Amino acid sequence: MTNRQPFDVDAYIHRIQNQPCFICEMVAGRTDGNYIIYQDNLFIAFLNKYPPLYGYALVAPVEHREQVTGDFSVAEYLALQCGVYQVAEAVRRTVETERVYILSLGSQQGNRHVHWHIAPLPYGVPFQQQQLAALGIENGFLDIPEVERTELTKRIRQNMDLNSD
Ligand SMILES: [Zn+2]
């Protein structure tokens, strides 16, 4: 079982509220310790830097948009959801999961660039510790070494079926 690393909530909040959009930064090639699974003209997929679950990925549009539906036409939204589907399926093929959670959160006070969480719940988690309880990092996030993050990124990328649409 992977150990947990303490999460400094205050430092994190300060960072996201005072630094340029980290997703736009990533798109521009400034990855800042993020592991990019895939990027094309439409979307970028990357590992959650502070994962509460193993194999947790995020998908965001390459363009800076904020409102989960309001900043997209139906066609644009559906095109992005193809990316979310591809990454979720790749995660499912990469790690053992009982159920994949997909959700969009974010805040106008930090992390404004809209993104979708793809969070694979492992088998055997008691009911009370599933769903939102499984996504918190108040008690720390998984301490996954860099080499393992690199390998995980590669495996998810390899498991993406890019000809499915
Ligand atoms: Zn952005």
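For four tetrahedral donors, the ideal angle at a metal is 109.5 degrees. Keep in mind that this is a predicted model, where local features need pLDDT of at least 70, side-chain atom pairs count only at pLDDT 80 or more, and totals for chains, interfaces and linings use all residues. Residues are numbered from 1 along each chain as its sequence is written, and side-chain values use heavy atoms, with hydrogens and water left out.

So who holds the zinc? Cys21 (SG), Cys24 (SG), His64 (ND1) and His113 (ND1) coordinate the ion at 2.0 to 2.3 Å; donors are N, O and S atoms within 2.8 Å of the metal (3.2 Å for Na, K and Ca), and since water is not among the atoms, sites may look incomplete. Along the chain, the donors follow the spacing C-x2-C-x39-H-x48-H. His64 and His113 are 49 residues apart and link distant parts of the chain.

Is each histidine buried or exposed? Buried means under 20% relative accessible area, exposed over 50%, and partly exposed in between (1.4 Å probe, protein chains only).

| Residue | Relative accessible area | Class |
|---|---|---|
| His64 | 35% | partly exposed |
| His113 | 1% | buried |

As for where they sit, His64 is in the loop between strand 4 (57–61) and helix 3 (74–94), while His113 is in the loop between strand 5 (99–103) and strand 6 (116–121). Helices (H or I, at least four residues) and strands (E, at least two) are DSSP runs, numbered from the N terminus.
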